Amino acid sequence: MPYLTSPVVAPGALARAPQPTLPAGDGLVLRPWRAEDAPAVHAAFQDPVLRQWHIRSCDSAEEAAGWIAQWHQGWADEREGQWAVVEEATDELLGRVALRQILLGDGVAEVAYWTVARARGRGVAVRATAALAHWSFEELGLHRLELTHATANQASCRVAGKAGFALEGTKRSALNHPDGWHDMHLHARVRGD
């Protein structure tokens with residue numbers, strides 16, 4: 001049965017080009033992950049604050065290397081785009097920002113992010129998320145970006161708001177963390193916001 005509308009973004013929009021490096025201002029860059037980033041990803045996941053808000057653990061650099069390989073495949077399959085957030089001058093890893101659950105035809109994706117402990121409170125997540133949103137709307141052509149976080153994660157709520165993602169509501173008991181089910185805030189940003 002044919003659709004009554006054309007795809008928002010045509011298939012192949014991601015896979016036909018290499019994943020770009022994106023400037024995020026003030027010496028911050030989003031770049032594709034590299035195999036040699038695996039030890040830094042593993043180290044980031046040893047932080048209890050980061051683990052508190054995530055449902056996965058990373059037990060070794062080898063496991064992180066497997067994630068990086070999956071992230072590269074996600075780009076090729078047009079399912080996700082994962083970027084390392086780094087200091088441009090030193091290439092020091094400060095965090096991660098991602099488009100997940102990409103639906104090119106619908107023009108929708110989910111944004112996710114984390115930062116390493118030493119990068120918190122410096123606006124890193126806000127700048128990275130805003131830069132990714134800009135690229136997603138202006139270069140890729142998506143129409144809507146969604147962002148969810150546990151309602152108890154006040155810092156993530158502040159990041160979402162500062163990056164232009166309006167709070168749309170609460171998804172009750174939506175994600176099972178190690179400490180139980182969490183209500184999740186749903187934020188979104190639409191092209192033109």
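How many bridges join strand 1 to strand 2, and in which direction do the two strands run? Three bridges join them, and the strands run antiparallel.

## About the model

This is a predicted model, in which local features need pLDDT of at least 70 and side-chain atom pairs count only at pLDDT 80 or more, while totals for chains, interfaces and linings use all residues. Residues are numbered from 1 along each chain as its sequence is written, and side-chain values use heavy atoms, with hydrogens and water left out.

## The hairpin

Strand 1 covers residues 22–25 and strand 2 residues 28–32; strands (E, at least two residues) and helices (H or I, at least four) are DSSP runs, numbered from the N terminus. Two strands pair if DSSP finds at least two bridges between them. P23 has V29 as its bridge partner in strand 2. Two residues lie between the strands of this hairpin, and D26 takes a positive phi near 55°.

In a regular strand, side chains alternate between the two faces of the sheet. In strand 1, L22 and A24 form the covered face, P23 and G25 the uncovered one.

## Aromatic pairs

Rings of Phe, Tyr and Trp (its six-membered ring) pair if their centres lie within 6.5 Å; planes under 30 degrees apart count as stacked, over 60 as edge-to-face and the rest as tilted. The count comes to eight aromatic pairs. W33 and W114 make a tilted one, 6.4 Å centre to centre with 40° between the planes. W33 sits in the loop between strand 2 and helix 1, and W114 in strand 5, 81 residues apart.

F45 and W114 pair edge-to-face, at 5.6 Å and 85°. Ring pairs link W33, F45, W67, W71 and W114 into a cluster.

Conventions:
Buried < 20%, exposed > 50% of the residue type's maximum accessible area, 1.4 Å probe, protein only.
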